[in-house]
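Welcome, and take a moment to look over the model below before reading on.

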Amino acid sequence: MVKWAGDFEEQLNIINTVARVTPERLAEIGRSNQRLAVETGIGIEDINKAYYDLVSAGISAADAEDVLANAANLSRGSLGSMEEAVDVLTTAINSYGGDARKAKLYTDELAAAVTLGKTTLSDSAPSYSHSGQIAATYGIESRETAAAIGYLTSQGQEAAEITIYMRQAIVNLLKPNAELIALQEDLGKSYLKIAQERGLVEAYEEMRQDAEKAGIPVASLIGRSQSLQFVSATTGAKFKGYRDALRSVDEATQGAGE
């Protein structure tokens, strides 16, 4: 018991190297983390380390308690570790913005992806992190990433591949080839703008329809095979399935993040 108390005190002192709070506040953090450990069955060492990782990643000490609780729920419900849950939530918050209220939104989105697909948090967290920054930078919403992971893993694709393909599909719109530039000029539209306003898959579905009307193979408008794989798996005959998955994500997150 004495050793456990000493270890716990040391863990709190490590937390305070980044949290930099008063002794009284540090004691409150310790009690809160102990309650969470009891409520969830997650080891206190894992809880304390997750708290440290959250604050190290830029989450304020004031928000860390709520984000930590969301991470615990995500790890338990989505078959992943606290470390993976913290990593994916901090990636989402730092990429898409927000605070503890947004953490609940991202938690519900990722939980929905796991429920929809054949995946776990352990499988999907690294891939989500891979695409999050570029998607957020160019206006592609986090719900779309969650829906893509959920829908495409349900079709047998690996989570690690999906967001690589999605990332390339975004790059394809950022750096269109000559054929795509010509089509956009002819039609007076920007598929990147459509993606930002209505969604990435919506933009590619419209591109597919426009290409068919113009008698152009859609593959000629898409620079890399990885982009084409994402488009083939989410548009055309697959478009309804993807939209149903996106609707399920939206339903799972109603009221979250407000």
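In this predicted model, a search of the whole structure turns up one aromatic pair. The two partners are Tyr96 and Tyr106, whose rings are tilted, with 6.2 Å from centre to centre and 40° between the planes. Here is a friendly tour of that pair and its surroundings.

**The aromatic pair**

- The pair links distant parts of the chain: Tyr96 belongs to helix α5 (residues 82-96) and Tyr106 to helix α6, ten residues apart.
- Tyr106, in turn, counts as buried because its relative accessibility is 2%.

**The chain as a whole**

- The protein chain holds 14 helices and zero strands.
- Read from the N terminus, its elements run α-α-α-α-α-α-α-α-α-α-α-α-α-α.
- The C-alpha trace spans about 75 × 30 × 30 Å along its principal axes.
- Of the 258 residues in the protein chain, 48% are buried.
- Among contacts with a separation of 6 or more, 68% come from residues 24 or more positions apart.

**Helices α4 and α6 side by side**

- How do helix α4 (residues 61-77) and helix α6 (residues 100-116) lie relative to each other? Their axes come within 9 Å and cross at roughly 10°.
- Angles under 35 degrees count as roughly parallel, and α4 and α6 are therefore roughly parallel to each other.
- On the α4 side, the contact is made by Asp63, Asp66, Val67, Asn70 and Leu74.
- On the α6 side, the residues are Ala100, Ala103, Lys104, Thr107, Leu110 and Ala111.
- Sorted by class, this contact of α4 with α6 has six nonpolar, two polar and three charged residues.

- Ser75 is a residue of helix α4, and with 6% relative accessibility it counts as buried.
- Leaving aside neighbours within four places in sequence, Ser75 is in contact with Ile42, Gly80, Ser81, Met82, Ala85 and Leu121.
- Thr120 is found in the loop between α6 and α7 (121-137).
- Although Thr120 sits in a loop, it counts as buried, because its relative accessibility is 18% and the cut-off for buried is under 20%.
- Which residues does Thr120 touch, leaving aside its neighbours within four places in sequence? They are Ser78, Leu79 and Val114.

- Most residues other than glycine have a negative phi.
- Leu79 is not a glycine, yet it has a positive phi of about 60°.
- Leu79 lies in the loop between α4 and α5 and counts as exposed, at 59% relative accessibility.
- Arg20, also not a glycine, has a positive phi of about 50°.
- The loop between α1 (2-19) and α2 (23-40) is where Arg20 is placed, and Arg20 is exposed, with a relative accessible area of 69%.

**The nonpolar core**

- In soluble globular proteins, nonpolar side chains tend to be buried together.
- The largest nonpolar core has 80 residues, and Leu173, Leu200 and Phe230 touch the most other members.
- What does Leu173 touch, not counting residues up to four places away in sequence? The answer is Leu180, Tyr191, Leu192, Ala195, Leu200, Tyr204 and Met207.

- Glu202 is part of helix α12 (residues 200-214) and is partly exposed, with a relative accessible area of 21%.
- Along the chain, Glu202 and Thr235 are 33 residues apart, while 8.1 Å separates their C-alpha atoms.
- Beyond its neighbours within four places in sequence, Glu202 is in contact with Phe239 and Arg243.
- Thr253 falls in the segment after α14 (239-252) and is buried, with a relative accessible area of 10%.
- The C-alpha atoms of Thr253 and Thr107 are separated by 8.8 Å, although these residues are 146 residues apart along the chain.
- Thr253 is in contact with Leu105, Asp108 and Glu109, again leaving aside neighbours within four places in sequence.

Definitions and conventions: Residues are numbered from 1 along each chain as its sequence is written. This is a predicted model: local features need pLDDT of at least 70, side-chain atom pairs count only at pLDDT 80 or more; totals for chains, interfaces and linings use all residues. Side-chain values use heavy atoms; hydrogens and water are left out. Axes are lines fitted to C-alpha atoms, for helices over the stretch in contact, and angles run from 0 to 180 degrees between N-to-C directions. Helices (H or I, at least four residues) and strands (E, at least two) are DSSP runs, numbered from the N terminus. Angles under 35 degrees count as roughly parallel, over 145 as roughly antiparallel, 65 to 115 as roughly perpendicular and the rest as oblique. Contact means heavy atoms within 4.5 Å. Ala, Val, Leu, Ile, Met, Phe, Trp, Tyr, Cys and Pro count as nonpolar, Asp, Glu, Lys and Arg as charged, and the others, Gly among them, as polar. Rings of Phe, Tyr and Trp (its six-membered ring) pair if their centres lie within 6.5 Å; planes under 30 degrees apart count as stacked, over 60 as edge-to-face and the rest as tilted. Buried means under 20% relative accessible area, exposed over 50%, partly exposed in between (1.4 Å probe, protein chains only). A nonpolar core is a set of buried Ala, Val, Leu, Ile, Met, Phe, Trp, Tyr and Cys residues joined through side-chain atoms within 4.5 Å.
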